Amino acid sequence: MKKFMMMMVMAVCCLTASAQGKYAIGAEAGYASFQNSYSPTKFGAKFQVAFDENWRGELAGNMFTKKDVVALWDANINVHYVFNVADKVNIYPLGGLAIVGTTGVKDLEGKNDNKVMVGFNVGAGVEYFLAESLKLNLDIKYKNAKCEETYTFMGQSTTIEYKTNGPIFSLGIAYVF
């Protein structure tokens, strides 16, 4: 049911956005400072859809560099409220849903034991238009995503919490059409 509802929300957003006709596609790089001493570099892509003069949605995906053999990826659905503060300059608070996954995690038997965590993003950013169809952006967001798993070994149960909590700094460029 949750998957169906999410698909319906995304379909309505896409239909609404196509009536407005303002899109942006771009790339970004950045740095994360997670609380678990994992501070990777990130590279990603984003697609933005303006619903009206102030509201826009954003789909973004990122890959994070490895620590040992483990790496992270994320997929984000964010909403921005855009304020035009000067000619060619906008600021925006953002909030949204984050899905974070691991790659390279193995269990005690050597089998893949990758995790998927669900959480949220909250932050703000600024963008500067180099031209009518080209913009730079700088944003910072706090990502909070976690999951718990209980392992039993020789009659002893241990619960491990996997989390990616902390700020993420991003610098991006996007083509607006």
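This is a predicted model: local features need pLDDT of at least 70, side-chain atom pairs count only at pLDDT 80 or more; totals for chains, interfaces and linings use all residues.
Phe177 counts as partly exposed, at 44% relative accessibility. Its partner is Tyr175, and the two rings form a stacked aromatic pair. Tyr175 is partly exposed too, with 46% relative accessibility.

A second stacked pair involves Tyr23 and Phe47. Phe47 is partly exposed, at a relative accessible area of 30%.

| Pair | Centre to centre | Angle between planes | Class |
|---|---|---|---|
| Tyr175 and Phe177 | 5.8 Å | 20° | stacked |

How do these pairs relate to one another? Tyr23, Phe47, Tyr175 and Phe177 form one aromatic cluster. Across the model, the count of aromatic pairs comes to 7.

The charged end of Arg56 sits over the ring of Tyr92, at 5.0 Å from the ring centre.

Now for the interior. In soluble globular proteins, nonpolar side chains tend to be buried together. Which residues make up the largest nonpolar core? This core has 11 residues in all: Ala32, Phe34, Tyr38, Phe64, Leu72, Val100, Met117, Ala145, Cys147, Tyr162 and Ile168. The elements giving two or more residues to this core are β8 (134-153) and β9 (156-176).

Ala32 is a handy core residue to look at in your viewer. Leaving aside residues up to four places away in sequence, Ala32 touches Tyr38, Phe64 and Ile168, along with Ser39, Pro40 and Pro167. Tyr38, Phe64 and Ile168 are also listed among the members of the largest nonpolar core.

Stepping back to the whole chain, the secondary structure comes to 1 helix and 9 strands. Read from the N terminus, the elements run α-β-β-β-β-β-β-β-β-β. Of the 177 residues in the protein chain, 36% are buried. Among contacts between residues at least 6 apart in sequence, 53% join residues at least 24 apart. The protein chain exposes about 10400 Å², and carbon and sulfur atoms supply 66% of that area.

How values were computed: Residues are numbered from 1 along each chain as its sequence is written. Side-chain values use heavy atoms; hydrogens and water are left out. Rings of Phe, Tyr and Trp (its six-membered ring) pair if their centres lie within 6.5 Å; planes under 30 degrees apart count as stacked, over 60 as edge-to-face and the rest as tilted. Buried means under 20% relative accessible area, exposed over 50%, partly exposed in between (1.4 Å probe, protein chains only). A charge sits over a ring if NZ of Lys or CZ of Arg is within 6 Å of the ring centre and within 35 degrees of the ring normal. A nonpolar core is a set of buried Ala, Val, Leu, Ile, Met, Phe, Trp, Tyr and Cys residues joined through side-chain atoms within 4.5 Å. Helices (H or I, at least four residues) and strands (E, at least two) are DSSP runs, numbered from the N terminus. Contact means heavy atoms within 4.5 Å. Accessible areas come from the Shrake-Rupley method with a 1.4 Å probe; for residues, only the protein chains shown count as cover.
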